[in-house]
Amino acid sequence: MSRARGPVLVSYYRGYLVPYVPTPEPVVKAMLELANAGPEDVVYDLGCGDGRIVITAAKEFKVKKAIGIEIRDDLVLQARRKIDELRLNDRAEIIKDDMFNVNIKDATIVTLFLLTSVNEMLRPKLENELRPGTRIVSHEFQIFQIPGWRPKKTVKIYDGIVGHTLYLYVIKKEVKELRAGASSRTPTPHSKILFLKENT
Ligand SMILES: C[S@@+](CC[C@H](N)C(=O)[O-])C[C@H]1O[C@@H](n2cnc3c(N)ncnc32)[C@H](O)[C@@H]1O
């Protein structure tokens, strides 16, 4: 019996959502420059890998605090070891957890190198927790273009081997109001977000 052709529903769950692919160092710098990172900032890198964005933010951009959240034990250890070596412990920290479990309300900058689907899962969290004015820089993957979520700036950068696209978003008051307006509807927990995939 042949199966009916048409869309099938694919759900995404918490846990390990994105493979580890490090952002090249020149792109790390470009991300922090695009966010205009400086001594007043609290930077979160969601899925921080070996901690390179956190470390560069603390060491070179002298931010007040840089926090990485990472689910993989080996990468957490690697990042913490490097932070120790560089004696950055007073301003750099790695939290071993699922990024969805950690409240990031004190962020002034959030960096992402995830996937468009994961950015979309994160959107309600970003809208709920972040304050107006918070900058979000996403390496390569956009946050879905819905009202209030157009990138303020898009930058192309070449790392010597391949090109990269960076998107800068700034949380606006209207985004929070949009979210508040939507709260009368039942919010979709990210673990229940469903994506349509065409049958082949
Ligand atoms: C593409 S890498 C980016 C690493 C780093 N941010 C960078 O730009 O170099 C994505 C990272 O997210 C981590 N990750 C995947 N799912 C996660 C989750 N649910 N919570 C925290 N980290 C996660 C992966 O282990 C991986 O290190």
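Predicted model: local features only at pLDDT ≥ 70, side-chain atom pairs only at ≥ 80, totals over all residues.
How many nonpolar, polar and charged residues does the shell around the ligand have? Residues are numbered from 1 along each chain as its sequence is written.

To the ligand, then. The shell around it has 13 nonpolar, four polar and five charged residues. Here Ala, Val, Leu, Ile, Met, Phe, Trp, Tyr, Cys and Pro count as nonpolar, Asp, Glu, Lys and Arg as charged, and the others, Gly among them, as polar. In total, 22 residues surround the ligand, and the closest are T23, G47, G49, I71 and F113; a residue belongs here if its C-beta atom, placed from the backbone, lies within 6 Å of the molecule. The elements giving two or more residues to this shell are α2 (52-59) and β3. Helices (H or I, at least four residues) and strands (E, at least two) are DSSP runs, numbered from the N terminus.

Next, the sheet. Seven strands form an open sheet with mixed pairing, in the order β4-β3-β2-β5-β6-β8-β7; two strands pair if DSSP finds at least two bridges between them. Because β4 (92-96) and β7 (153-158) each have a single partner strand, they stand at the edges, and one side of each is left without a neighbour in the sheet. From one strand to the next, the twist averages 20 degrees. Strands β5 (residues 109-112) and β6 (residues 135-139) run parallel and are joined by four bridges, with T111 opposite V137 in β6.

Finally, the helices. The axes of α1 (residues 25-34) and α2 come within 10 Å and cross at roughly 60 degrees; axes are lines fitted to C-alpha atoms, for helices over the stretch in contact, and angles run from 0 to 180 degrees between N-to-C directions. The two helices are therefore oblique to each other, as angles under 35 degrees count as roughly parallel, over 145 as roughly antiparallel, 65 to 115 as roughly perpendicular and the rest as oblique. By class, the contact of α1 with α2 has five nonpolar, one polar and three charged residues.
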